[in-house]
Every structure is written in structure tokens, then in C-alpha cells.
Amino acid sequence: MYGVLGIFALMALYPLFFVLITSLKSPAEYVSNKLLMPQSPTFGNFYHVWVKGNMLRYFVNSCILIPSGLVVYLFVCITAGFAFGRLRFPHRFPLFLAVLFLMIFPQMLLSIQIFQICRKLHLVNSYLGLILVWVAYFGPFGTYIMTTYYATVPMEIVESARLDGTGVYRMLYYIMVPIAKPMIIIIVVIGTQSMWNELPFSLLLLQTEQLRTITQGLGMLQGQYGLDDTTLSASILSASLVPLLLFVFFQRQITMGSYSGAVKG
Amino acid sequence: MKSEARESYLLIAPLMLLLLVFILYPVLANVYLSFFKWKGLGKATFIGFANYRTMFKDETFWVSIKNTMVLLLYIPLGVMLPILISALLREGLKGWSIFRAIIYIPNILGYVIMGMISSIMFRKLGPLNNVLVGVGLKSLALDWLSIPKLTLNTLGLVYGVWLRLGFGCIFFLAAMSSIDESLYDAAKIDGALWWRTFWNVTVPSIRFSIEFWVVLSFIEILARAFPFIYTFSRGGPGFATFTLEYGIYNEGFVAFNMGYASTWASVLFVVCAVIACFQVALMRKNSDVQ
């Protein structure tokens, strides 16, 4: 039993380990030594992709873009989740089902028209455009998680706040956001993961070199001629840094998030 | 109470507006534009069903459908394997949380990074073939990414099964943790073997989660595979790993036949709409929202 599990664990861990040791080999060493530890470890590949290549710029871009996107994402998911989960208004349930219905369409299916819309609104090559598209695409899942959570908050809390004369917006800000903190951390982690790893929309909307995200920059390296696997490995590792750190620090939230609704955006 | 309705609409307005502009409108406009000849810029010309006629005669379209079907055939394995592993882990194996963390790594890294890594692993002179030659299985050291059928099936196995294995384990372990332990005790008293207990107790108890996972697998293959295919094989060799989704990319953004790409997209839309209905039904059951 442990043997079977060991094989699966190895299969999951080995690719990352392989990329790590490969990124520390010189291209010449990699030709003759594919599998063993590097004989003379070098940071040359990292120097190559970070300083000479564009990885540093892409990394910074992602680090600017994603937190900004998260702010919009959180605002949208929390307000909508609270309204769907705990307020009463006409057509609430059909609208909620419509939100769920719209979350699975493939990015490529949407992208032809999204590109046209963004061109008309002057949102091509703009982070604002990409953020709005991301939030539209990833928002329904975050909203679903928040809605399911707010639906479990006792109605008495809402009613007693209302008896005290608290308006809906104040209630949201002073009561509903603080009590939902654990869920908010979950959707922050899910949102970061979704946006960090996103490719099609970035490819579509960020067409100038200076604006690209790190995942996009990495994806575009695929199929380029004359690129060593060692350089590629260093690029892959650079793009993996943030997702891995996220996992190390938020492992519990990530695993909780994956079975709370079970559909990644 | 009138004001609550108004305030509620204001609260959902940002989400609804974004969905309207960036999801609902694109989906509907696709169907509309599938009846036009259109290069993306300039005027679109109405051509009726001509795009559809072209598509049904287009060999690439049928290859893409066939490839998508082949990938879907990996769903049974992608469902059974995580259930089996979870059932093994459930039996109080020590250190399973470490194992769970490790097996989850591919999911953390996302499809672009995993696509890039997989493509390096399966190179002709890559590490996998090095291992195979090293252990004396030289005949198995194939050129994984150049033989069409082989590449497609490798994609099915890597993307359809292995990549989501960790996610599946966590998902099913969570489902199994809520099974009433007395059911297992009863089975033990009856002297049921592990296999029978698995079929008669474990599987029926997590039926809902299994249904969810099956729908999710369809979504991942039909609607989420583009980033992985783009970085793993770029749709190649030839058209060997083209799916409907990849075909839209190719027609729309490589060949710039936007109208024709919309025709492919309309087919994909119908398929996805059916899956979405299943998904909505399951999510309704899953949440307390009424």
C-alpha cells in the first residue's frame, strides 16, 4: 500500500525536482547528464532569464497586476455573495443560477468577442481591461463560495442589525466582512492562483512585450527554437515561485477551497 | 423592504454587469457571427449556413472532435484512480497529510507550468527516455511528442488523469470523511472483503461527489485544456492534439477567420451549455442557498 502511494508521490514530486536540478546545470552539462545531480551547480540560467531575459520584468508585472485584480475580485465576490446569500429580493434565485451557469464556458470560446469588446472600449494592452475580464471569468466561483458561506450566517444577525437601524452597506462593512474572514482568505488564495496561472486572456489582451505576465511570458517560450531546456527550467522555476509559496503558507485554505465548491475557475 | 431590493441589486450590479459584457454577450454574439464571413476587422458579410457547411466538410474539425472524444475516454480512469487512492488513505495510513500535500503539487503549479514541464519530460532526448534506456527498456523509449496517436494518448493520461490526481484525492478524502464509520464496522462483522466493502459502502456513500467529479472532468477536458495543450504540444504534431477549443484559437487567432472560428465556438457552446446544466443542478444540491 505504501509502495503504491510512494510511486504516486514520486510522480507528483519528481517533475518539480527535475526542473530544479536542470535549472542549475549548464546547457553543456545537461547534454551528457540528464538525470543526476549537477556536478558543478551554476546560477547562469537564472542570470540568463532574469537579467538578460525578461523574466524579472514579467515577474514584477504579475506582482502589480494580480494584487490590483484581487481588490476588484474581492469587492465583486463579497458584495454579490452577501446579497445572494443573505438578502431577499425578487428574482434572486434565478439570477444566482444564471451566475453559476455562466462560469464554465471555455476562455477560447469567449475570447473572439472579448477581444472585440476590449478594442472598442480601448482596453487592449491595458491592465484594467485584463482585470475586468479576469473578474468576470473567475468572479462567479468566488461569489459561489461567498454565497454558500453567507447562507449559513444566522438570519438573526441581519435582523438585529437592522433593528438597530444599521443600513445594508454598513452591515456589510462592519459585520459581514469581518465574520467571513476565513472564507475571504480562501477566495484570495483561489483568486491569486487562478490569475497567476491564467494564459489565454493575457495572450489576447497584453500584446506588448513590456506588459506581459510571467505565466504568459513562460507560455510564449514554448516552441521557440534555440532555447535550452536548462534555460527553460530556470524560467519555469521562476514562474513557480509564487504558487509554491502560496501553497506552503496556505495549504489548509487551498485544500478547504477545493472541496467547498470543487470547480476551479 | 423596497429599499432592500434596491440595495441588493446595487450589490450584485458589479458582478452582473461584468458577466453581461464579458461572458453573456460574447457567448450570444458568437452564435450570431457564425453566420458571417468576417476577418475580425472591417465589415462582416452575412453568408447564412456557409460556415457550417464548410465546417462539416473540414477534416480538421472532425479530427478535433475525435481527439476530444479520445481525451474524454480517459475520464473513467481519472475518476477511479483518485477514489481508490483515497479509499486506501482513509484506512488511517500514517503520514497521509504529507502525502496529500505532495500529490497536490501539480495542481498548485497550474496548467501552463505543468504543460511546460511535461513537454520537457517527454522530449525524445528527455529524462523519461533516459530512465527507460537506463533500466533496459530501450524499446519503450519512444518519440512521445512526434507520433500523433502517442502524443494524444500521452496528453490524455497526463492531463486527464495524472494532473488532477492530487486534487481528486483531497476531494474524495473530504467526501469519505463524512461516511458513517458504523457502516464499515457492520461490513467487517459480516466478514466482507476490502473490495466488497469498497463497492457496497464507500462508493454508494460518496455518490454525489463522484457525480460532481465526473462533471468536473468533462469541464476540464472540454473547457479548460487550452493552456495545457498550448504549452505541452501546441496542438501538434500536425493536428494530433487539436481539440474544439484549440481549433477556435487556431482559426480565430492564427488564421484570423473570426466568423468561421465563431462557428466552431457555437458547437462548443452547445456542448458546454449541456454540461453547465448538469453542473448547476449539482451545485444547487450542494449548497444551502434556496
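## Contacts along the chain

Two residues are taken to be in contact if their C-beta atoms, placed from the backbone, lie within 7 Å. In this predicted model, residues 24 or more positions apart account for 79% of the contacts in chain A with a separation of 6 or more.

## Overall build of chain A

Chain A contains 13 helices and 0 strands, and its C-alpha trace spans about 75 × 55 × 30 Å along its principal axes. Of the 265 residues in chain A, 49% are buried.

## Two domains

The domain assignment divides chain A into domain 1, covering residues 1-42, and domain 2, covering residues 54-260. The centres of these two domains of chain A, taken over C-alpha atoms, are separated by 33 Å, and their contact takes 8 residues from domain 1 and 7 residues from domain 2.

On the domain 1 side of this contact in chain A, helix 1 and helix 2 (27-32) each supply at least two residues, with helix 1 giving the most, at 4 residues. By class, that side of domain 1 has 4 nonpolar, 3 polar and 1 charged residues.

## Where chain A meets chain B

Between the two chains, 79 residues of chain A are in contact with 79 residues of chain B. The elements of chain A that give two or more residues to its side of this contact include helix 1 (2-23), helix 4 (55-86), helix 7 (127-150) and helix 13 (229-260).

Helix 13 of chain A gives the most to the side that touches chain B, with 12 residues. Sorted by class, this side of chain A has 57 nonpolar, 19 polar and 3 charged residues.

Key: Residues are numbered from 1 along each chain as its sequence is written. Chains are lettered from A and ligands numbered from 1 in the order in which they are written. This is a predicted model: local features need pLDDT of at least 70, side-chain atom pairs count only at pLDDT 80 or more; totals for chains, interfaces and linings use all residues. Ala, Val, Leu, Ile, Met, Phe, Trp, Tyr, Cys and Pro count as nonpolar, Asp, Glu, Lys and Arg as charged, and the others, Gly among them, as polar. A residue is buried if 20 or more other C-beta atoms lie within 10 Å of its own, exposed if 12 or fewer, and partly exposed in between; C-beta atoms are placed from the backbone. Domain bounds come from an automatic or database domain assignment.
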